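Colleague: I would like a close look at one part of this model. Please take the nonpolar surface patch, then the charged pairs.

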Amino acid sequence: MLALSRKVNESIIIDNQVEVTVLEVKGDQVKIGIKAPKSIPVYRKEIYLQIQEENKEAAGGQENLDTLKKLFQ
């Protein structure tokens, strides 16, 4: 993990496409702004993890894999 210090209105650039800017600091909370192309999804981590879990459930896990294997035999 790369750790950087930034002040309000200072930014970092990721992969020449994503700009992350510190907008405000209040106590222990930091507000950031993210500029990214529409083709790059941006999620809060807890939402991203929830999406991943729902995708796993929708895929059906091992049961669906076993069913697919039987179809191709």
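Modeller: A strand here is a DSSP run of E, at least two residues long, numbered from the N terminus. The model is predicted.

Start with the patch. Val8, Val25, Val30, Ile32, Ile34 and Val42 make a nonpolar surface patch of about 480 Å². Strand β3, residues 29-35, gives the most to the patch, with 3 residues. Val30 is found in strand β3. Its relative accessibility is 49%, so Val30 counts as partly exposed. The cut-off for exposed is over 50%. Patch members need over 30% relative accessible area and no salt bridge.

Now the charged pairs. The count comes to 4 salt bridges. The rule asks for a side-chain nitrogen of Lys or Arg within 4 Å of a carboxyl oxygen of Asp or Glu.

Take Glu24. Glu24 is partly exposed, because its relative accessible area is 27%. Glu24 forms a salt bridge with Lys31, where the closest N and O atoms are 3.4 Å apart. Lys31 has a relative accessible area of 46%, so Lys31 is partly exposed. Shared partners join Glu24, Lys26 and Lys31 into one network of salt bridges. The side chains of Lys26 and Glu24 meet at 3.5 Å, N to O. Lys26 has a relative accessible area of 55%, so Lys26 is exposed.

Another of the salt bridges links Arg6 and Glu10, with the closest N and O atoms 3.7 Å apart. Arg6 has 42% relative accessibility and therefore counts as partly exposed. Glu10 has 29%, so Glu10 counts as partly exposed.

Methods
Residues are numbered from 1 along each chain as its sequence is written. This is a predicted model: local features need pLDDT of at least 70, side-chain atom pairs count only at pLDDT 80 or more; totals for chains, interfaces and linings use all residues. Side-chain values use heavy atoms; hydrogens and water are left out. Patches are made of residues with over 30% relative accessible area and no salt bridge: like charges are joined within 9 Å, nonpolar side chains (Val, Leu, Ile, Met, Phe, Trp, Tyr) within 5 Å. Accessible areas come from the Shrake-Rupley method with a 1.4 Å probe; for residues, only the protein chains shown count as cover. Helices (H or I, at least four residues) and strands (E, at least two) are DSSP runs, numbered from the N terminus. Buried means under 20% relative accessible area, exposed over 50%, partly exposed in between (1.4 Å probe, protein chains only).
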